[in-house]
Amino acid sequence: MTTVHVFGRDHINTDEIIPARHLTTDIESELAKFAMEDYDKDFVRRVQPGDIIVAGADFGCGSSREHAVWALRGAGVSAVIAPNFARIYYRNCINNGFLALECGGIVEAFQDGDPADLDLTAGTITNTRTGQSLTFVPVPQFALDVQKAGGWLEYMKAHDQAALEAETLDAHSTEAGHGHPGHDVTGKEEQHA
C-alpha cells in the first residue's frame, strides 16, 4: 500500500526540498539522503519506494534546480500531488519522468501516514482510510510517455527525429526559406519568384 506524506504548507521551495548545501552531486541516491531535510529531518527514514507526497500550493517554487526532482525520486517518492506547482518545477518533473499531479482539496483529504490508492488511468487518488476519492487534473499523454521512457532524454532516444517533429511541431515553415515553401494564413503554398 502506498503511504502519503503530507507537507501541507503552501510555497515549499526547492531549497526546502533539497538544501543548497547538498548540491554537490547529481546522483539521486546521494541527494535522496537529504530530501526534505530542512522541513522534516525524519522524512528520509520513513519514506518507502512508491510513497506519495501531498503538498500545499505552489510546490517547488524558488530556484530551477532539477536536483529537487532527483532528490525526491531518489528517495523513492513516486508522485507529488498539490493544488498547483511552480512552473519550472512542474516542467522539470515532466522532463525527468516524475509525476506532479494537480488536485484541489488534496491537503484537506489526507493526514500524514494515510494509505492511498493512486489510479492514473481513472485520474483519481483515494484515501483508503477514509474512502474519500479525489479527481486530479488529467496527466497529458505526452507526460505519461516521457515518464514511461524514464525522462525526456530517454524519450528522445526512443523516437526518431521525424516522428518527434510530427508529434510536436508544424513541420511546414510558415515563411519561405531554408528550402521550404512558405504558407499564407489560409494554408496555401505561396509562390516565390
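**Entry 1. Arg 45 and its partner**

I looked up Arg 45 in this predicted model and found a salt bridge to Asp 42, with the closest N and O atoms 2.4 Å apart. I then checked the exposure of both residues. Arg 45 has a relative accessibility of 62% and therefore counts as exposed, the threshold being over 50%. Asp 42, at 37%, counts as partly exposed. I also noted a network in which Arg 21, Glu 37 and Asp 38 are joined by salt bridges that share partners.

**Entry 2. Other salt bridges**

I searched the whole structure for salt bridges, and the search returned 10. Side chains of opposite charge can pair when their charged atoms come close.

I examined Arg 9 and Glu 16, whose side chains meet in a salt bridge at 2.7 Å, N to O. Arg 9 is partly exposed at 37% relative accessibility. Glu 16 has a value of 15% and so counts as buried, the limit being under 20%.

I next examined Asp 15 and Arg 65, whose side chains form a salt bridge at 3.2 Å, N to O. This pair links distant parts of the chain: Asp 15 belongs to helix 1, Arg 65 lies in the loop between strand 2 and helix 4, and the two are 50 residues apart. I recorded a relative accessible area of 32% for Asp 15, which is partly exposed. For Arg 65 I recorded 16%, which means that this residue is buried.

**Entry 3. His 22**

Is His 22 buried or exposed? I found a relative accessibility of 14%, so His 22 counts as buried. I located His 22 in the loop between helix 1 (14-17) and helix 2 (28-32). Leaving aside residues up to four places away in sequence, I listed its contacts as Leu 31, Phe 34 and Glu 37. Glu 37 also belongs to the salt-bridge network with Arg 21 and Asp 38.

In what order do the strands of the open sheet stand? I read the order 4-3-2-1-5-6-7 for its seven strands, with mixed pairing. Strand 4 (99-102) and strand 7 (133-135) stand at the edges; each has a single partner strand, so one side of each lacks a neighbour in the sheet. I noted an average twist of 30° from one strand to the next.

I followed the side chains along strand 2 (residues 52-55). Ile 52 and Val 54 point one way, Ile 53 and Ala 55 point the other way, and all are buried. In a regular strand the side chains alternate between the two faces of the sheet.

I then traced the pairing. Strand 1 (residues 2-7) runs parallel to strand 2 and is joined to it by four bridges. In this pairing, Phe 7 has Ala 55 as its bridge partner in strand 2. Strand 2 also runs parallel to strand 3 (residues 79-82), and three bridges join them. Here I found Val 80 of strand 3 as the bridge partner of Ile 53. From strand 2 the chain passes through helix 4 (residues 67-74) to strand 3, in a right-handed β-α-β crossover.

**Entry 4. Strand 3 and strand 4**

Strand 3 and strand 4 pair in the parallel sense, over four bridges. Ala 79 stands opposite Leu 99 of strand 4.

How values were computed. Residues numbered from 1 in each chain as written. Predicted model: local features only at pLDDT ≥ 70, side-chain atom pairs only at ≥ 80, totals over all residues. Heavy atoms only, no water. Buried < 20%, exposed > 50% of the residue type's maximum accessible area, 1.4 Å probe, protein only. Pairing = 2+ DSSP bridges. Right-handed = clockwise from strand over helix to strand, strands pointing away. Axes fitted to C-alpha atoms, helices over the stretch in contact; angles between N-to-C directions. Contact = heavy atoms within 4.5 Å. Salt bridge = Lys/Arg side-chain N within 4 Å of Asp/Glu carboxyl O.
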